[in-house]
Amino acid sequence: MSVLITGATGFLGCRILGGLLAQETDAITVLGRGTPAELRERVEAALSGAGLLPTAPDALDRLRFVSADLTSPGLGLSETDRDHVTEDLTAVWHCAAYLNLQGDPVSLYRANVLGTREVLALADKAPAAHLLFISTAYVAGCRRTGHVMEDELTEEYGFQTYYEETKHTAERMIHSWARRTGRTATILRPSLLATDQPIPEGQPHQPLAVFARLVDDLVRVRTAEDEALVNLLSEDGFHGSALHFRVKGDPEGTLNLIQVDHAARAMVRAAASPPRTGVRTVHVTHPHNTTFDSAASAFEALYQGVNVTVTPTLAHPTPFEALAASHGADLLTFTMHRRTYDRTNLLRIAGDLPDPDPIDSAYLARALGCVMEPSPA
């Protein structure tokens, strides 16, 4: 049995690789940027940072490293390389993706859509291989309410970010590929992945960091545009400054977050039970949503003296509130969610895996503390 994986240096990918290393596979081929030696170094560092570096001296000998690039035609592989990496493959894990919630959509499309097309072309050369594709539960887009079924794939509601749209397009591509080739595929849709464990310097950060750093940037940098806010924040730091501000959103809104280690374990289990035909989609989501109030409390714990209130309307915004609305408008739409996620397929294939622990404000404060500089004492 031989496995191929992309994105093994990523936050989720390295943990999936760690799970695969714990299994009895003959060989694991890692595709990624840089020379094989550079790729090996990055993969080993990612495994070490996640606490998954095998202790057995020969455990990593099952890994082979091949230079590849999602954004290059044919992944930048020669015909010899393509023959070599697809020999005796039983599974292709496509974990690599470009995550960016704001900015130019071109790079997202190039990596997440065209890159997936190139991975599918490579999988064509391995007819016995089961495809596993990491998507996102956020392909549900702008849908705010209801119970999202695992087999739903629609653009009826539109999308909040280009990232979601590229993952939706890639999923449709996989369905078309499976129908055309008669192949099987499992689409894995995690919600927002998180960890409350420290992440070593230079290692892949959690997706939550995208939100956290934008807020941090807003509070610590962009407020410099307003002299009054600078004076307010500089008097006592954040401690005791009693900075109260409102954000426009749903006071009863929720987010679905799941611990990355739990998600990776569930995904590796999913690979052990491929569908008999066609495409199976699995929501790798938490059974309980996290309230936005919990998220606000976590930010307040880090920025002591800052008080956040979510309100449906934002009448007469203060300069700070207007600044937050202007720079974080795209992200604030995530506070409008009340939707839940069907987990039927997840429970069917990983039903004996215990539910993850709740993600509450204390967990979020620890998780955010891993990626944000705490306020000064």
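## A walk through the loops, salt bridges and main pocket

Asp88 sits in the loop that joins helix 3 (79–85) to strand 4 (89–94). This is a predicted model, so take the numbers below as computed from it. The phi angle of Asp88 is near 60°, a positive value in a residue other than glycine. Most residues other than glycine have a negative phi. At 61% relative accessibility, Asp88 counts as exposed.

His316 is another residue of this kind: its phi is near 50°, again positive in a residue other than glycine. You'll find His316 in the loop between strand 14 (306–311) and helix 10 (319–332). With 75% relative accessibility, His316 counts as exposed too.

**Salt bridges**

The salt bridges come to twelve.

| Pair | N to O distance |
|---|---|
| Glu79 and Arg82 | 4.0 Å |
| Arg338 and Asp250 | 2.6 Å |
| Arg338 and Glu252 | 3.5 Å |

Start with Glu79 and Arg82, whose closest N and O atoms are 4.0 Å apart. The two are three residues apart in helix 3, so about one helical turn separates them. Glu79 is exposed, at a relative accessible area of 53%, whereas Arg82 is buried, at 9%.

Now for Arg338, whose side chain meets that of Asp250 in a salt bridge of 2.6 Å, N to O. Arg338 lies in the loop between helix 10 and strand 15 (340–341), and Asp250 in the loop between strand 9 (243–248) and strand 10 (254–255), so this pair ties together parts that are 88 residues apart in sequence. Arg338 is partly exposed, with a relative accessible area of 41%, while Asp250 is buried, with 12%.

Arg338 also forms a salt bridge with Glu252, at 3.5 Å between the closest N and O atoms. That pair links distant parts of the chain as well: Glu252 is in the loop between strand 9 and strand 10, 86 residues from Arg338. Glu252 counts as exposed, at 55% relative accessibility. Put together, Asp250, Glu252 and Arg338 are linked in a network of salt bridges.

**A buried arginine with no salt bridge**

Arg280, in strand 12 (residues 279–284), is another story. Arg280 is buried yet has no salt bridge. The nearest side chain of opposite charge belongs to Glu150, 8.1 Å away. What Arg280 does have is a polar side-chain atom lying 2.2 Å from the backbone oxygen of Ser273.

**The largest pocket**

The largest pocket holds about 1,300 Å³ of space. It is lined by 50 residues, and the closest to its centre are Gly10, Cys95, Ala97, Tyr98 and Leu99. The lining divides into 29 nonpolar, 15 polar and six charged residues. Several elements each supply at least two lining residues: strand 2 (27–32), helix 2 (36–49), helix 5 (162–181), strand 8 (192–194) and helix 6 (208–220). Helix 6 gives the largest share, four residues.

Leu39 has its place in helix 2. Leu39 is buried, with a relative accessible area of 1%. Leu39 and Ser67 are 28 residues apart in sequence, and their C-alpha atoms are 7.6 Å apart in space.

Key. Residues numbered from 1 in each chain as written. Predicted model: local features only at pLDDT ≥ 70, side-chain atom pairs only at ≥ 80, totals over all residues. Heavy atoms only, no water. 1 Å grid on protein atoms, 1.4 Å probe; cavity = no way out; pocket = protein on both sides within 12 Å on 5 of 7 lines; lining within 4 Å. Points joined across faces, edges and corners; volume = space filled by probe spheres on them. Nonpolar A, V, L, I, M, F, W, Y, C, P; charged D, E, K, R; others polar. Buried < 20%, exposed > 50% of the residue type's maximum accessible area, 1.4 Å probe, protein only. Lys, Arg positive; Asp, Glu negative; His and termini not counted. Polar contact = N/O pair within 3.5 Å; in protein donor to acceptor, adjacent residues only side chain to side chain.
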